[in-house]
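Hello,

Here is the structure we talked about. Please open it and keep it beside you while you read the notes below.

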There are 2 protein chains.
Amino acid sequence: MALVNEHFLKLPGSYLFSDIAKKINTFKITHPQKEIIRLGIGDVTRPLPPACIEAMHKAVEELAAASTFHGYGPEQGYDFLREAIIKKDYATRGITLAVNEVFVNDGAKSDTGNIGDILRHDNSVGVTDPIYPVYIDSNVMSGRSGVLDPNTGKWSNITYMPCTSENNFIPEIPKKRIDIVYLCYPNNPTGTTLTKAELKKWVDYALANDTLILFDAAYEAYIQEPDVPHSIYEIKGAKRCAIEFRSFSKTAGFTGVRCGYTVVPKELTAATLTGERVSLNALWNRRQCTKFNGASYITQRAAEAIYSPEGQQQIQETIDYYMTNARIMREGLEEAGLEVYGGVNAPYIWVKTPNNTPSWRFFEQMLYEANVVGTPGVGFGPSGEGYIRLTAFGERANCIEAMQRIKNWL
Amino acid sequence: MALVNEHFLKLPGSYLFSDIAKKINTFKITHPQKEIIRLGIGDVTRPLPPACIEAMHKAVEELAAASTFHGYGPEQGYDFLREAIIKKDYATRGITLAVNEVFVNDGAKSDTGNIGDILRHDNSVGVTDPIYPVYIDSNVMSGRSGVLDPNTGKWSNITYMPCTSENNFIPEIPKKRIDIVYLCYPNNPTGTTLTKAELKKWVDYALANDTLILFDAAYEAYIQEPDVPHSIYEIKGAKRCAIEFRSFSKTAGFTGVRCGYTVVPKELTAATLTGERVSLNALWNRRQCTKFNGASYITQRAAEAIYSPEGQQQIQETIDYYMTNARIMREGLEEAGLEVYGGVNAPYIWVKTPNNTPSWRFFEQMLYEANVVGTPGVGFGPSGEGYIRLTAFGERANCIEAMQRIKNWL
């Protein structure tokens with residue numbers, strides 16, 4: 001009798017974004033004449049950089065002729081892309097990586113979800129709270145989470161490290177030892193960052209406790225301030241305790257093109273039950289060779305083009321566009337009397353609801369009164385209660401109009 | 001202390017294809033003047049169909065303008081592609097599927113590897129032998145395989161169903177109950193097929209024993225004979241016991257473009273320990289929503305173009321090209337006095353080595369004497385010993401020349 005993985009059955013039946021979609025649909029049916037502005041979902045709206053478009057047309061043409069055709073590529077990605085990544089994203093910050101420490105993928109969601117394959121099912125897990133739901137859901141699926149307490153919204157085997165305005169969104173270093181800790185900086189959903197000194201505390205904790213840090217740097221391209229680390233490997237010792245995930249989705253508008261990469265340093269090890277040290281680079285390589293067949297050749301050529309001088313300038317223009325949106329939104333929300341976080345080194349704005357209004361209630365009020373859609377903070381975890389997330393990825397005119405509506409409403 | 005998934009450590013250290021590459025390198029160094037013909041690796045060589053090239057250029061242009069830009073697509077794939085798949089691959093054979101029973105992916109390797117995520121770690125597994133190594137390796141990683149017996153090359157918790165010339169490559173229905181059975185038809189590596197009557201026996205077995213069949217039909221486009229099922233759902237009852245994997249890699253030259261799809265019928269269930277039935281469609285959907293973010297928009301538009309009248313004609317021409325290669329190779333090998341299987345409904349030719357020569361020994365002899373590269377059959381499992389696999393994906397002239405060399409050699 002084929003048996004299912006029963007851990008899946010612990011997952012709550014509905015998704016945050018489908019719940020939101022349902023509420024929007026109800027509103028639309030009852031208010032067909034109202035025009036909604038969506039600042040909820042974190043998807044980009046600007047077109048791809050011309051350098052990427054050109055590279056993709058060229059790559060498509062290569063596949064049109066037998067003499068230039070490319071079939072199976074390396075599971076780990078083409079060297080032309082891995083070398084560009086190392087040279088431009090790491091060497092420029094004084095970080096040395098070998099080509100086989102970089103694994104190109106079809107987006108950071110795949111790798112942040114699949115990385116658990118190479119780790120034991122009973123490692124303890126720590127997360128900052130609020131958090132990107134994939135980290136928790138993928139651990140629920142593999143049996144690491146324990147059971148959900150419906151009252152607190154917390155899983156029994158997961159340690160939550162609250163990030164709220166009370167602690168300035170800086171997670172407290174745990175008193176106890178945790179095997180695996182997820183950190184995402186610049187943070188989704190709060191838009192906040194850690195300084196080098198703050199991140200160093202985590203690396204020191206990890207080295208002292210033999211903790212593996214899974215560091216999601218998907219939004220590093222949005223960093224504007226000097227003291228914010230772009231890579232965890234800027235911190236000494238991090239290669240011995242951290243895997244880093246990067247994505248082209250928000251850096252270059254690749255949400256529909258699908259490409260990112262994961263760095264697994266060769267000095268990084270984890271233990272067997274008998275205390276033997278095992279290279280995680282070797283395990284991840286084996287995992288990818290068995291369950292992945294590389295990213296599209298066309299996509300990888302597009303990603304390579306991001307690193308050309310033209311590509312670099314073009315992505316900067318788009319990032320500036322979104323970050324100007326973020327500034328306009330921050331200012332508008334503050335003028336409306338709201339407490340606002342993030343939006344300085346990240347495309348996410350994290351808004352405290354007035355008078356401790358619950359997230360979902362404020363979401364509905366803003367939808368019905370201002371016809372603006374955000375994402376209820378509690379959807380990202382218990383410590384997100386009393387907040388709402390807005391994203392800066394929309395059209396400029398919509399951002400301006402949304403702020404006007406919110407000011408008129410509040 | 002972060003602990004590794006120790007099941008990974010059970011996997012043998014080297015890969016079949018890297019072992020082959022090493023042997024070829026040694027030969028090249030010692031025989032620099034010899035020109036090798038590679039008929040070993042199953043990668044295609046013909047360019048993409050013009051219909052796909054055109055569709056990709058168009059899709060790339062869409063991503064170049066904000067008004068036609070596409071960001072995140074559905075994790076399950078775009079409806080335009082899912083509907084084309086259902087209409088052309090299934091409705092034409094009298095099989096009815098709903099759009100949400102089809103999951104578009106970045107290639108069949110990902111899904112055949114990841115499908116185990118939704119199944120318990122202690123299901124028993126059965127495989128035909130020889131077999132595509134991903135089925136076994138992915139089960140080793142998740143702890144289902146038990147331990148490897150280095151003498152037999154078999155894993156203790158996996159049931160092997162030999163497919164050799166002795167049983168005409170028809171796997172015997174097991175006497176005992178197995179929870180999960182992998183079937184790949186047309187078969188990689190043997191190139192053989194099952195008739196509808198033979199496949200029906202497996203569906204009947206699965207229904208009687210509550211077995212889940214994982215049916216890999218990646219090579220169905222190569223079927224030439226009428227009584228060979230293209231889909232397991234041509235057999236009554238199969239929707240209640242089988243998941244089907246399809247790929248555009250060999251159908252349309254997508255090995256470097258990365259696209260395929262998986263069918264998980266809504267009537268398909270598996271059990272919890274307490275006997276409750278759970279929809280595998282719902283679990284797989286949840287898995288994909290958490291750990292996958294859809295295939296590239298450009299890739300999906302290319303896949304859609306395969307189903308246009310031009311696309312259908314163009315892929316047929318390429319398939320005919322490869323199958324003519326297969327015929328030339330079959331005839332050549334038979335003329336050389338070899339026993340040959342496959343190559344009629346599949347691009348793979350499975351050759352019995354003369355005088356029971358071991359696979360690796362024959363591989364080396366053919367490399368050194370005829371300068372032709374195949375894949376040792378034993379690399380696909382114990383029952384592959386005494387065989388070698390050749391593929392028909394090469395250039396015509398190379399296939400003809402390789403046959404001439406083998407005839408001169410033997």
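The buried residues of helix α3(A) are L81(A), R82(A), A84(A), I85(A), D89(A) and Y90(A). Look down the axis of α3(A): these buried residues fall within an arc of 165°, so they line one face of the helix. Keep in mind that this is a predicted model.

Now the helix as a whole. α3 of chain A covers residues 79-90, which makes 12 residues. From first C-alpha to last, α3(A) reaches 15 Å. That is close to the 16 Å expected at 1.5 Å a residue.

What do the buried residues of α3(A) pack against? Their partners in chain A are β2 (102-105), β10 (260-263) and α9 (297-306).

Next, find strand β3 of chain A, residues 125-129. β3(A) is mostly covered, with 5 of its 5 residues buried. Check each side in turn. V125(A), V127(A) and D129(A) are buried on one side. G126(A) and T128(A) are buried on the other. Both faces of β3(A) are therefore covered, a residue counting as buried if 20 or more other C-beta atoms lie within 10 Å of its own.

Which strands pair with β3(A)? One is β6(A), residues 158-162, in the parallel sense over 5 bridges. In that pairing, D129(A) stands opposite P162(A). Another is β7(A), residues 180-184, in the parallel sense over 3 bridges. Here G126(A) has V181(A) as its bridge partner.

Best wishes

How values were computed: Residues numbered from 1 in each chain as written. Chains lettered and ligands numbered in written order. Predicted model: local features only at pLDDT ≥ 70, side-chain atom pairs only at ≥ 80, totals over all residues. Helix = DSSP H or I, 4+ residues; strand = E, 2+ residues; numbered from the N terminus. Expected span 1.5 Å × (residues − 1). Buried ≥ 20, exposed ≤ 12 C-beta atoms within 10 Å, placed from the backbone. Arc of directions from axis to C-beta. Contact = placed C-beta atoms within 7 Å. Pairing = 2+ DSSP bridges.
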